[in-house]
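Q: I would like to learn how to read strand pairing and ring contacts in a model. Can we work through a case?

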Amino acid sequence: MNDYDVRIAKVEGEHLWHAHDDTDEFFLVLDGELAIALRDDDSRTERTVTLPKGAVFVVPRGIEHKPSSPAGASILMFEPTGTLSVGDRHEAVPSHVDATTGHALTGSAPAR
């Protein structure tokens with residue numbers, strides 16, 4: 001949509017600390033609960049925002065953050081097309097984290 005991807009993801013466990021230098025990141029929790037840890041610019045002060053089902057949160061560009069959901073959550077995100085899920089600056093990517101710019105939906109779509 002207008003050079004943005006609308007992404008739906010099922011998440012469980014911890015992601016990794018990362019930042020998107022050139023874009024904000026929009027989260028809408030569709031189901032479950034999502035926690036987003038945030039680091040201030042000095043990387044010393046951390047706080048966590050906990051988002052229940054139906055909550056919206058925007059991580060400002062350049063802010064390091066780490067989403068997590070121990071019990072699992074379904075989320076919707078708006079990001080510029082081609083935005084890497086692990087950001088522009090990140091820690092080493094563990095094997096359980098999917099570093100992607102998105103996956104195509106599978107299944108059949110209704111004809112228009």
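A: Start with the term strand: a strand is a DSSP run of E with at least two residues, numbered from the N terminus. Two strands pair if DSSP finds at least two bridges between them. Keep in mind that this is a predicted model.

Q: Which residue in E7 is the bridge partner of Phe27?
A: The partner of Phe27 in E7 is Met77. That bridge belongs to the pairing of E3 with E7 (residues 64-80), which is antiparallel and has six bridges.

Q: What stands opposite Phe27 in E6?
A: Phe57 stands there. Strand E3 (residues 25-32) and strand E6 (residues 56-59) run antiparallel and are joined by four bridges.

Q: How many aromatic pairs does a search of the whole structure find?
A: The search finds one. The rings are those of Phe26 and Phe78, with centres 5.3 Å apart.

Q: Why is the pair of Phe26 and Phe78 classed as it is, by its planes?
A: Planes over 60 degrees apart count as edge-to-face. The planes of Phe26 and Phe78 are at 65°, so this pair is edge-to-face. Because Phe26 lies in strand E3 and Phe78 in strand E7, the pair ties together parts that are 52 residues apart in sequence.

Q: Is Phe26 buried, partly exposed or exposed?
A: Partly exposed covers the range between the buried limit of 20% and the exposed limit of 50%. Phe26 has a relative accessible area of 24%, so it is partly exposed. Phe78, with 28% relative accessibility, also counts as partly exposed.

Q: Which residue lies over the face of Trp17?
A: Arg39 does, at 3.8 Å from the ring centre.

Technical notes: Residues numbered from 1 in each chain as written. Predicted model: local features only at pLDDT ≥ 70, side-chain atom pairs only at ≥ 80, totals over all residues. Heavy atoms only, no water. Phe/Tyr/Trp six-rings, centres within 6.5 Å; stacked < 30°, edge-to-face > 60°. Buried < 20%, exposed > 50% of the residue type's maximum accessible area, 1.4 Å probe, protein only. Lys NZ or Arg CZ within 6 Å of the ring centre and 35° of its normal.
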